[in-house]
Amino acid sequence: MDIQERLTAFAMLGATWVMWLLVGISVIALAIILERAYYFFATNEEFSKLLGSLLGKLKDNDVDGAKSAMRASRSVEAQVALAGLESVDDGPSSAEERMNKQQTLSKLSMERNLAFLGTVGNNAPFVGLLGTVIGIIRAFQELNQSQGQVSAGLMAEIGEALVATAIGLLVALPAVAAFNTFQRIIKTRATRADAMGREVLAFMKSKKRDAAPAE
């Protein structure tokens with residue numbers, strides 16, 4: 001049996017397993033979308049209010065108060081600022097390094113499982129296309145067996161082929177939309193965290209200048 005006959009025999013098993021595979025993938029993707037949506041909702045906080053709280057405490061030179069305010073927030077921005085505030089006594093360079101470290105860890109946490117969504121969005125249509133190819137092969141086989149006559153079996157095979165493509169697209173589109181939305185949220189929060197960190201560094205450098213002895 002040559003390779004063509006082997007592939008034909010495989011195709012004759014039908015595309016049902018492809019569609020069930022896509023359904024299983026879609027369930028996993030939906031679970032990730034819901035989990036990530038909850039995570040971003042739970043860690044969201046009005047940035048202007050958070051920044052205002054930080055600046056107010058720093059303006060009053062109340063480092064402990066600023067730390068307490070940042071600890072009370074679950075947001076990524078607050079965690080980055082807190083990492084810098086915890087290093088006030090170690091100097092701006094040390095604080096900057098620790099905030100960069102916290103930004104990296106926070107980004108990893110925000111991106112958890114998003115690679116799966118990206119993979120599904122890019123490849124689900126091709127999995128559906130595989131089901132379509134299998135369906136078309138079975139349709140031609142059915143056409144051969146019916147001696148060129150259109151039959152109910154032939155139409156069923158063509159219908160299965162088209163359904164496989166549709167399912168692939170239906171699985172891919174929500175995954176792509178969610179992936180792009182979450183990536184935008186991550187980019188926005190990373191930018192805000194960087195702004196918070198810069199405010200902490202500016203405070204520390206200002207404090208260091210004030211503490212420097214006059215010549």
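**Entry 1. Ground rules.** I worked from a predicted model, in which local features need pLDDT of at least 70, side-chain atom pairs count only at pLDDT 80 or more, and totals for chains, interfaces and linings use all residues. Residues are numbered from 1 along each chain as its sequence is written, and side-chain values use heavy atoms, with hydrogens and water left out.

**Entry 2. The core.** I looked up the largest nonpolar core and found 47 residues in it. I took a nonpolar core as a set of buried Ala, Val, Leu, Ile, Met, Phe, Trp, Tyr and Cys residues joined through side-chain atoms within 4.5 Å. Buried is under 20% relative accessible area, exposed is over 50%, and partly exposed is in between (1.4 Å probe, protein chains only). The residues with the most contacts inside this core are Leu54, Met70, Leu85, Leu117, Phe182, Met196 and Val200.

I then listed the elements that give two or more residues to this core: H2 (16–42), H3 (47–59), H4 (63–71), H5 (76–85), H6 (92–110), H7 (114–145) and H8 (152–211), each of them a helix. Helices (H or I, at least four residues) and strands (E, at least two) are DSSP runs, numbered from the N terminus. H8 supplies the largest share of the core, 14 residues.

I counted a contact as heavy atoms within 4.5 Å.

**Entry 3. Helix H5.** Which residues of H5 are buried? I noted Val76, Glu77, Ala78, Val80, Ala81, Leu82, Ala83, Gly84 and Leu85. That is 9 of the 10 residues of H5, so this helix is largely enclosed by the rest of the structure.

**Entry 4. Leu50 and Ser73.** Leu50 lies in helix H3 and is buried, with a relative accessible area of 4%. I checked its partners, not counting residues up to four places away in sequence: Leu50 touches Glu45, Met70, Ser73, Ser75, Glu77, Ala78 and Met196. I also took one C-alpha to C-alpha distance, from Leu50 to Ala69, which is 8.3 Å in space for 19 residues in sequence.

Ser73 is one of the residues that Leu50 touches, and I looked it up next. Ser73 lies in the loop between H4 and H5. Is Ser73 buried or exposed? Ser73 counts as buried, at 7% relative accessibility. Leaving aside neighbours within four places in sequence, Ser73 is in contact with Glu45, Leu50 and Ala78.

**Entry 5. Rings.** I found 2 aromatic pairs in the structure. Rings of Phe, Tyr and Trp (its six-membered ring) pair if their centres lie within 6.5 Å; planes under 30 degrees apart count as stacked, over 60 as edge-to-face and the rest as tilted. Tyr39 and Phe40 form an edge-to-face pair, at 5.4 Å centre to centre with 75° between the planes. Tyr39 counts as buried at 18% relative accessibility, and Phe40 counts as buried at 4%. Ring pairs link Tyr39, Phe40 and Phe182 into a cluster.

Arg36 came up beside both rings of that pair. The charged end of Arg36 sits over the ring of Tyr39, 4.4 Å from its centre, and over the ring of Phe40, 6.0 Å from its centre. A charge sits over a ring if NZ of Lys or CZ of Arg is within 6 Å of the ring centre and within 35 degrees of the ring normal.

**Entry 6. Salt bridges.** I found 6 salt bridges in the structure. A salt bridge is a side-chain nitrogen of Lys or Arg within 4 Å of a carboxyl oxygen of Asp or Glu. Side chains of opposite charge can pair when their charged atoms come close.

I looked at three of them in turn.

- Asp90 and Arg98 meet at 3.1 Å, N to O; Asp90 is partly exposed at 46% relative accessibility, and Arg98 is partly exposed at 39%.
- Glu35 and Arg36 meet at 2.8 Å, N to O; Glu35 is partly exposed at 27%, whereas Arg36 is buried at 0%.
- Arg198 and Asp194 meet at 2.8 Å, N to O; Arg198 is exposed at 56%, whereas Asp194 is partly exposed at 31%.

Arg198 and Asp194 are separated by about one helical turn, because they are 4 residues apart in helix H8. Salt bridges that share partners join Glu35, Arg36 and Arg112 into one network.
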